[in-house]
Amino acid sequence: MAEEAPRAVPFRGGGFAPRLRHAVGAATLTALIVLWSVAARRGWISPIALPPPEEVAAALVRLARSGELARHLEASLWRLLTGFTLAGIGVGLAIGLVSLIRSAGVPLIAALFPIPKIALLPLFIVWFGIGEASKIATIAFGAFFPVAIATYGGVDGVDRSLIRMAQSFGLPARSIVRKIVLPGALPAVLSGLRIAASIAIILIVAAEMIGANDGIGAFILAAGNLMQTDQLVAGVLVLSLLGLTIAALIGAAERYLLRWR
């Protein structure tokens, strides 16, 4: 009886490695826009409630040419960048590494994080006035907690056997933090930054709607009061593009900082 030729065994150890397929995302967005346009043209959607995408695009072009869009976007970006501090990373590292700070910090974060940050804006206005300081304080307060929680969660997730091995070789604590703890916690930190950026955009819009003359939030509120739905939707699209841009920047930072993976 002749021996069977050996068969190649397929490799099954690829693990779960989902990849972002940009063509699928672009096709999904295109399909939604086409569906929106068809629904508006056939009268399935009232143009007062939701104007067709052609009108929204025309309004966006008009706002860009007049310079009004740049003025509002510049004001929102300045508040966003000023309020979006990285203090949460330092606090999260301290909570993850120092028992005394952890004992004080974790209950404090657990008590303050569930508070709706926009509900504190009137209090910040009392403390800091109606100007820029109250808006920036709202953004900073909202963005701080996701970063801090993600950071100390990432520190807790670092493989302790690597830390014990480094200690057994007499590596200084500073080197252990820099070479083992920080790289191990970095994926969680970047995830926290993603969440914090989204929260910051939501808070800046709400803060600008309450007390601001410029900014995307103030622009959307004014367009809604005047029933200019084409400009209102254009402002919402600008916020969506802003979120996509921030996500792309954080994604680029992930690919650069985590290329060792």
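**Close-up views of a predicted model**

**Figure 1. The lining of the largest cavity.** By class, five nonpolar, two polar and one charged residues form this lining; Ala, Val, Leu, Ile, Met, Phe, Trp, Tyr, Cys and Pro count as nonpolar, Asp, Glu, Lys and Arg as charged, and the others, Gly among them, as polar. The model is predicted, so that local features need pLDDT of at least 70 and side-chain atom pairs count only at pLDDT 80 or more, whereas totals for chains, interfaces and linings use all residues. Residues are numbered from 1 along each chain as its sequence is written, and side-chain values use heavy atoms, with hydrogens and water left out. The lining residues are Leu121, Ile125, Ile130, Ser134, Lys135, Ala207, Ile210 and Gly211. Two or more of them come from each of α6 (121-128), α7 (132-156) and α9 (173-211), and α9 gives the largest share, three residues. Helices are DSSP runs (H or I, at least four residues), numbered from the N terminus. The volume of this cavity is about 30 Å³. On a 1 Å grid over the protein atoms alone, a cavity is a set of points where a 1.4 Å probe fits but cannot get out, and lining residues have an atom within 4 Å of a point; a volume is the space filled by probe spheres set on the points, which are joined across faces, edges and corners.

Figure 2. The side chains of Glu132 and Arg79 meet at 2.6 Å, N to O; a salt bridge is a side-chain nitrogen of Lys or Arg within 4 Å of a carboxyl oxygen of Asp or Glu. Glu132 lies in helix α7 and Arg79 in helix α3 (residues 68-83), so the pair ties together parts that are 53 residues apart in sequence. Arg79 is buried, at 3% relative accessibility, whereas Glu132 is partly exposed, at 31% (buried means under 20% relative accessible area, exposed over 50%, partly exposed in between, with a 1.4 Å probe and protein chains only).

Figure 3. Glu254 belongs to helix α11 (residues 229-257) and Arg194 to helix α9, so parts 60 residues apart in sequence are tied together. Arg194 is partly exposed, with a relative accessible area of 31%. Elsewhere, salt bridges that share partners join Arg79, Glu132, Glu208 and Asp214 into one network.

Methods. On a 1 Å grid over the protein atoms alone, a cavity is a set of points where a 1.4 Å probe fits but cannot get out, and a pocket is an open set with protein on both sides within 12 Å along at least five of seven lines; lining residues have an atom within 4 Å of a point.
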